[in-house]
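Visitor: I am new to reading protein structures. Please take me through this one step by step.

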2 protein chains.
Amino acid sequence: MALTEPKARVAVFKALAHPTRLEIIQILSQGTRCVSEIEKSVGGDMSTVSKHLSLMRKAGLIGSKKGGLHMNYEIACGCLDGFLRCVDSLAGNRVLDDQLCC
Amino acid sequence: MALTEPKARVAVFKALAHPTRLEIIQILSQGTRCVSEIEKSVGGDMSTVSKHLSLMRKAGLIGSKKGGLHMNYEIACGCLDGFLRCVDSLAGNRVLDDQLCC
DNA sequence: CATTTGTTAGGCAAAATTGCCATGTAGTTT
DNA sequence: AAACTACATGGCAATTTTGCCTAACAAATG
């Protein structure tokens with residue numbers, strides 16, 4: 001199995017390895033949202049939110065489309081959902097050493 | 001969809017967001033390995049490798065079993081593979097904004 | 001043109017991560 | 001028990017990340 005760019009892989013995981021960004025993913029999983037909507041949900045400065053979004057877009061996690069005055073973001077990957085369920089099962093298992101998740 | 005512990009989720013992604021640790025996952029995907037075997041493959045100090053392994057074990061990504069003098073590590077999750085394939089498709093798509101991955 | 005919405009860059013302090021070194025520990029061998 | 005092997009752990013300095021702030025800028029709208 002040939003590795004894709006290791007840096008690109010790492011970038012994807014780094015993009016996901018942050019509570020606020022995971023919260024944004026959670027919000028976007030319910031549908032397309034613009035920056036100010038996201039800002040209201042997660043709090044904090046808009047420039048900070050915009051940076052989070054930019055980072056995730058560069059990693060390939062989300063996509064953006066301009067709609068009038070707003071910039072609308074959406075999840076770029078349908079598999080992200082199963083992905084997160086897998087992570088949750090991992091996270092739940094983390095106490096037991098011998099037990100496997102799936 | 002109720003969130004599992006957000007911290008636990010973040011921990012999983014942080015554990016994956018490092019080139020050496022991804023390399024270790026790659027190695028372990030081929031079968032169980034002990035610390036010194038991993039050390040030979042990825043280089044660096046053994047204490048460093050041990051810390052990487054410990055971090056991934058706490059996150060739930062890998063499990064460990066003692067076998068005589070060695071500590072054997074193995075992937076704790078069969079879904080990690082499809083997981084990584086999904087990430088690769090994301091990583092490959094990251095230039096195009098409108099195109100979705102899967 | 002003025003306003004709204006968002007991006008980007010720079011600066012900066014606090015916090016987290018990383019990796020090596022030295023030391024500690026548990027199981028094995030002699 | 002002493003020595004050795006295979007790891008784990010704590011400490012520490014260097015690097016990176018994070019978040020807020022300020023400000024400049026672009027694009028769509030009224």
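Visitor: Where is Leu53(A) found?

Guide: Leu53(A) sits in helix α4 of chain A, residues 46-59. Helices (H or I, at least four residues) and strands (E, at least two) are DSSP runs, numbered from the N terminus. This is a predicted model: local features need pLDDT of at least 70, side-chain atom pairs count only at pLDDT 80 or more, and totals for chains, interfaces and linings use all residues. Residues are numbered from 1 along each chain as its sequence is written, chains are lettered from A and ligands numbered from 1 in the order in which they are written, and side-chain values use heavy atoms, with hydrogens and water left out.

Visitor: Is Leu53(A) buried or exposed?

Guide: Start with the cut-offs. Buried means under 20% relative accessible area, exposed over 50%, and partly exposed in between (1.4 Å probe, protein chains only). Leu53(A) has a relative accessible area of 0%, so Leu53(A) is buried.

Visitor: Which residues does Leu53(A) touch?

Guide: A contact means heavy atoms within 4.5 Å. Leave out residues up to four places away in sequence, and Leu53(A) touches Ile24(A), Val35(A), Ile38(A), Ile62(A) and Tyr73(A). Leu53(A) and Arg21(A) are 32 residues apart in sequence, with their C-alpha atoms 7.8 Å apart in space.

Visitor: What about chain A as a whole?

Guide: Chain A has five helices and three strands. Their order from the N terminus is α-α-β-α-α-β-β-α. Of its 102 residues, 42% count as buried. Take the contacts in chain A with a separation of 6 or more: 43% of them join residues 24 or more positions apart.

Visitor: How do I read the packing of two helices?

Guide: Two packed helices are described by the angle between their axes and the distance between the axes. Axes are lines fitted to C-alpha atoms, for helices over the stretch in contact, and angles run from 0 to 180 degrees between N-to-C directions. Now move to chain B. Helix α1 (residues 6-16) and helix α4 (residues 46-59) of chain B cross at roughly 150°, and their axes come within 9 Å.

Visitor: Which word describes how α1(B) and α4(B) run to each other?

Guide: Angles under 35 degrees count as roughly parallel, over 145 as roughly antiparallel, 65 to 115 as roughly perpendicular and the rest as oblique. Therefore α1(B) and α4(B) are roughly antiparallel to each other. Ala11(B), Val12(B) and Ala15(B) of α1(B) meet Leu55(B), Met56(B) and Ala59(B) of α4(B).

Visitor: How many residues of α2(B) are buried?

Guide: Seven of its 10 residues are buried, so α2(B) is mostly covered. Among them are Arg21(B), Leu22(B) and Gln26(B).
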